[in-house]
Amino acid sequence: YCAYALHLTDYIIETTDPDSPLYEKDLSRFRDSIDKFCRSTKFLGLTILSEDENTVKFMAKLEDMEGHDMSFVEHSLFRKINGVWKYTKACSLS
């Protein structure tokens, strides 16, 4: 969340699991997609709901530039690759 709010595109790419369904092998396209999302989103807050060794459940408060609510809750899965935690995917919420 913070990396998106601070528009840290390279960090987001570097910390996304290459096996993630969100990972784009065309890095130029991946970078453009992240940049577009960051420029068109207002990041209003983050609440960590729970966490353990490789998952984090959080609520992100977001709006688009017209003020429409884009907030969501996600249970994120991370995987450690060569000593670095990388975002893998959103798990189902139960």
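Analyst: A residue is called buried under 20% relative accessible area, exposed over 50%, and partly exposed in between (1.4 Å probe, protein chains only). The model is a predicted one, in which local features need pLDDT of at least 70 and side-chain atom pairs count only at pLDDT 80 or more, while totals for chains, interfaces and linings use all residues. Residues are numbered from 1 along each chain as its sequence is written, and side-chain values use heavy atoms, with hydrogens and water left out.

User: What makes Arg31 and Asp10 a salt bridge?

Analyst: The term asks for a side-chain nitrogen of Lys or Arg within 4 Å of a carboxyl oxygen of Asp or Glu, and the closest N and O atoms of Arg31 and Asp10 are 2.6 Å apart, so the pair qualifies. Helices (H or I, at least four residues) and strands (E, at least two) are DSSP runs numbered from the N terminus; Arg31 lies in helix α3 and Asp10 in helix α2, so this bridge ties together parts 21 residues apart in sequence. The whole structure holds four salt bridges.

User: How do you know that the end-to-end distance of helix α3 agrees with its number of residues?

Analyst: The expected span is 1.5 Å times one less than the number of residues. For the 13 residues of α3 (residues 27-39) this should give 18 Å, and the end C-alpha atoms are 18 Å apart, which agrees. At the start of this helix, a side-chain oxygen of Asp26 reaches to within 3.2 Å of the backbone nitrogen of Ser28.

User: What puts the buried residues of α3 on the same side?

Analyst: The buried residues of α3 are Phe30, Ile34, Asp35 and Cys38. They cover an arc of only 130 degrees around the axis (judged by the directions from the helix axis to the C-beta atoms), which puts them on the same side. An α-helix has 3.6 residues a turn, so residues three or four places apart point the same way. The buried residues pack against α1 (2-5), α2 (9-14) and β1 (41-51), with contact meaning heavy atoms within 4.5 Å. The face turned away from the buried side carries the exposed residues Arg29, Lys36 and Arg39.

User: Why is Ser76 called buried, and what does its side chain make a polar contact with?

Analyst: Ser76, in strand β3 (residues 72-81), has a relative accessibility of 1% and therefore counts as buried. A polar contact is a pair of N or O atoms within 3.5 Å, where within protein one must be able to donate a hydrogen and the other to accept it, and residues adjacent in sequence count only if both atoms are side-chain atoms; the side chain of Ser76 meets that of Glu74 at 2.5 Å. Not counting residues up to four places away in sequence, Ser76 touches several others, including Asn54, Phe58, Tyr87 and Cys91.

User: How many disulfides are there, and why is Cys91 not in such a bond?

Analyst: A disulfide is a pair of cysteine sulfur atoms within 2.5 Å, and by this rule the count is zero. Cys38 is in no disulfide, the nearest cysteine sulfur, that of Cys2, being 12 Å away. The sulfur of Cys91 is 20 Å from the closest cysteine sulfur, in Cys2, and this is too far for a bond. Cys38 is buried at 8%, while Cys91 is partly exposed at 24%.
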